[in-house]
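Colleague: I would like to go through this model with you. Could you put it on the screen, please?

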Amino acid sequence: MKLVAPIQLTPTPEQAKLLLETLGRCNAACDFLSAKAWEAGAFRQIPLHRLAYYEVRERFGLTAQAAIRCIKKVADAYTIDKITQRNFRPLAAQPYDARIFRFVDDNAVSIWTLTGRIKVPFVCGEHQRKLLAHRQGEVDLMCVRGKWYIGVGCDVPDAEPIGCSDALGVDFGIANIATDSDGKAYTGEAIERVRSRMSRRRAGLQRRGTKAAKRRLRKLSGQQRRFQAHTNHVISKALVEAAKRSGRAIGLEDLTHIRKRLKARRSQWGRLHNWAFRQLRSFVAYKAQRAGVPVLFVDPKHTSKGCSKCGTVDDRNRPDQATFSCIGCGHRAHADHNVARNIRARAAVNLPLGSQVAEAA
Ligand SMILES: [Zn+2]
């Protein structure tokens, strides 16, 4: 599995200033190259190189290799389409290859800047250090909210798939973000508290409508996304660990249906929740794959009104949003738990393949 490990650099204030200048200069050079490419219709690396290599080096004071990385970055930006001229933010990530970047001493990097190479220490946890063992290819220099990072591409081997004879069914909802077939609920209370606090603040800022208020609004939405992403990491990790510990696969409803079901909820939750929901799902799929836990996607038909004990399907099994109460056998449960158990049963049926690992959704 390919992924990017963000490694935080800890430059001195002088080094940070130099990195900032370097990144700014590279992006200015990319903007210049982008305009050249646009005018001449020379979008690919080699034609653009022929057209602008010497000029960009001279104008922006870049070394040969830095100029080549800039040309490649611009050419890459045009591979998707050539409909609009690309612009580069002053802090857009800048690729570095082995000729202008390397790791030294296990805790620092040597990186090219406008005044030559500098050695900058980095900090990283145990998890990231393990990932670094699988690094390959280029890295990206990035500045995010005033902090410096190296994004390191890693190709991590997937864990050996675990053999499993059962599945842990998972239902995603609103009040409980996730409920598993063991009956464990992962609540959205903390998220809901933050969400409503922030939406009050947002409403106030929107009324004001000033430039400063708009800036503040963007910041708020970033904070909320980060909080939600953190919660999603915690929940997906717990789900995958629960499955792995007990030697079970994970069962999820297949996505096409979830979209349909979520349509109704969309008005109450809005874009952010839909984003958060897709993210949680992809976190589960991704962490499961890394842990060797198979993920099975099941047909979700009638999972909410079918009884997980006796199989009776009836609208009357759902007296209200939160309750499942079977008219056939009298089984009562929280509605989400009943759904998760139905998903579990369907996933378990599909298990004979056993070792299959689902693609990340
Ligand atoms: Zn029943």
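Colleague: Let me start with Cys326: does it count as buried or exposed?

Modeller: Bear in mind that this is a predicted model. Cys326 counts as buried, at 5% relative accessibility.

Colleague: And what is the relative accessible area of Cys307?

Modeller: For Cys307 the value is 4%, and this residue is buried.

Colleague: Which residues are the protein donors of the zinc ion?

Modeller: Cys307, Cys310, Cys326 and Cys329 donate, each through its SG atom, at 2.2 to 2.4 Å from the zinc ion. The spacing of these donor residues in sequence is C-x2-C-x15-C-x2-C.

Colleague: Which parts does the pair Cys307 and Cys326 tie together?

Modeller: Cys307 sits in the loop between β12 (295-298) and β13 (323-325), and Cys326 in the loop between β13 and β14 (332-334), so the pair links parts that are 19 residues apart in sequence.

Colleague: What are the angles among the four donor atoms?

Modeller: They run from 105 to 113°, and the site of the zinc ion is tetrahedral.

Colleague: Changing topic, where is Lys287 found?

Modeller: Lys287 belongs to helix α7, which covers residues 255-291.

Colleague: With which side chain does the side chain of Lys287 make a polar contact?

Modeller: The partner is the side chain of His233, at 2.8 Å. Setting aside neighbours within four places in sequence, Lys287 is in contact with Ser236, Lys237 and Val240 as well as His233.

How values were computed
Residues numbered from 1 in each chain as written. Predicted model: local features only at pLDDT ≥ 70, side-chain atom pairs only at ≥ 80, totals over all residues. Heavy atoms only, no water. Donors = N, O, S within 2.8 Å, 3.2 Å for Na, K, Ca; no water. Tetrahedral: all angles 85-135°; square planar, octahedral: opposite > 155°, others 65-115°. Helix = DSSP H or I, 4+ residues; strand = E, 2+ residues; numbered from the N terminus. Buried < 20%, exposed > 50% of the residue type's maximum accessible area, 1.4 Å probe, protein only. Polar contact = N/O pair within 3.5 Å; in protein donor to acceptor, adjacent residues only side chain to side chain. Contact = heavy atoms within 4.5 Å.
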